[in-house]
Amino acid sequence: MFTEADHDFMQRALQLAQLGLTTATPNPRVGCVVVREDTIVGEGWHRRTGEPHAEALALAQAGERARGATVYLTLEPCNHQGRTPPCVDALLEAKVGRVIAAMEDPNPVVNGQGLERLRAGGIDVRCGLLQQEARELNIGFVSRMLRNRPWVRLKAAASLDGRTALPDGRSQWITGEAARTDGHAWRARACAVLTGIGTVREDNPQLTVRHVQTSRQPLRVLVDSRFEVNPAARILEGGNTLVVCAIDESVRVARTAEFSELGCEVIALPGAGGKVDLPALLRELARRGINELHVEAGYRLNGSLLREDCIDELLVYMAPTLLGNSMGLADLQAPESLDKRLVLHWQSVDRVGDDLRLIARFPERI
């Protein structure tokens with residue numbers, strides 16, 4: 001169905017889409033290549049919300065050469081008016097001959113309708129080329145559209161015996177500089193970074209992207225059930241922080257004004273036992289357009305997130321060290337039997353400096 005050249009041109013479209021890895025949110029990362037007589041005549045990628053989509057940029061570059069050309073898209077073109085005009089209209093007006101899309105758009109307002117309109121307009125449409133690669137690139141967007149929650153990635157640094165901190169909570173630094181830099185790259189691609197009040201007390205982190213270049217800082221989310229965070233905490237510096245508590249509004253209001261002046265927002269999502277309702281928090285973040293959520297928290301909050309089925313993927317940097325009887329990854333009770341243990345599937349194992357980067361995923365998430 002697809003030729004070797006088709007694969008090559010779609011790979012180029014995916015490379016272009018990758019350029020929007022840290023900026024396209026809350027929109028999907030999309031790349032577009034316009035090809036005429038086996039030559040690329042137009043390219044585009046979606047940079048950020050409100051700016052032209054990949055198709056519009058590629059068609060503008062191609063100009064009249066787009067007539068009768070083949071267009072390679074990493075995602076089905078939109079068929080609705082948003083901040084920018086429908087891309088389907090632009091493709092029809094350009095009179096392209098063929099459109100090859102990697103995958104359908106899971107957004108319910110599109111979801112195959114864009115491709116059908118192109119077919120109705122006489123364009124040869126095909127879909128499914130390098131679909132898995134395109135899906136992985138937009139795994140957070142797909143999760144938000146299909147599950148009404150972000151894709152949640154739990155990051156941790158651990159010793160070879162699975163320890164993430166000394167008994168007194170100290171954890172800086174278990175892994176080396178290369179692993180820490182790589183961890184910041186994963187922060188940068190996320191829409192939001194989440195931690196808990198325990199980590200803020202112990203480490204007072206900024207939770208900003210610093211070790212890699214970025215034009216956008218992710219939203220910082222602090223789970224603080226009793227709203228105890230010190231206004232001088234570094235996670236609040238510069239604003240762009242959402243504090244999520246579980247206390248009564250009458251108690252919360254007295255402190256909210258102070259946090260508003262810092263550029264921070266405070267919301268309450270009370271759950272059982274005076275804790276934050278974590279599944280409700282994921283739904284709230286999805287409502288705010290968060291596609292990928294990056295968790296850097298302590299073992300208690302990690303345990304709560306795992307117990308409440310809020311984690312999709314583990315990103316673990318493992319150092320060739322032993323810490324002995326120290327703190328583990330998550331506060332979880334041992335299963336009654338091995339067949340009741342939490343099971344993940346390996347995604348990748350790579351060496352980063354002197355450490356290993358392990359990515360494992362819970363099965364059948366999306």
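The legends below describe close-up views of a predicted model.

**View 1. The open sheet of five strands.** The strand order is β2-β1-β3-β4-β5, and the pairing is mixed. At the edges stand β2 (39-45) and β5 (124-127), each of which pairs on one side only. On average, neighbouring strands of this sheet are turned by 15 degrees against each other, direction ignored.

**View 2. Pairing of β1 with β3.** Strand β1 (residues 31-36) and strand β3 (residues 70-73) run antiparallel and are joined by four bridges. Val34 has Val71 of β3 opposite.

**View 3. Helices α2 and α4 on the sheet.** Helix α2, residues 54-62, lies across β1, β2 and β3. The angle between α2 and β2 is about 145 degrees. Helix α4, residues 113-120, packs on the sheet and touches β4 (98-101) and β5. The direction of α4 makes about 155 degrees with that of β5.

**View 4. The second largest pocket and its lining.** This pocket holds about 660 Å³ of space. Its lining comprises 25 residues. Nearest the centre of the pocket lie Leu306, Leu329, Leu332, Leu342 and Leu344. Two or more lining residues come from each of β6 (151-159), α11 (299-307), β13 (313-319) and β16 (355-361). Strand β13 gives the largest share, three residues.

**View 5. Residue classes in the lining of the second largest pocket.** Of the lining residues, 17 are nonpolar. Four are polar and four are charged.

Terms used: Residues are numbered from 1 along each chain as its sequence is written. This is a predicted model: local features need pLDDT of at least 70, side-chain atom pairs count only at pLDDT 80 or more; totals for chains, interfaces and linings use all residues. Side-chain values use heavy atoms; hydrogens and water are left out. Two strands pair if DSSP finds at least two bridges between them. Axes are lines fitted to C-alpha atoms, for helices over the stretch in contact, and angles run from 0 to 180 degrees between N-to-C directions. Contact means heavy atoms within 4.5 Å. On a 1 Å grid over the protein atoms alone, a cavity is a set of points where a 1.4 Å probe fits but cannot get out, and a pocket is an open set with protein on both sides within 12 Å along at least five of seven lines; lining residues have an atom within 4 Å of a point. Grid points are joined across faces, edges and corners, and a volume is the space filled by probe spheres set on the points. Ala, Val, Leu, Ile, Met, Phe, Trp, Tyr, Cys and Pro count as nonpolar, Asp, Glu, Lys and Arg as charged, and the others, Gly among them, as polar.
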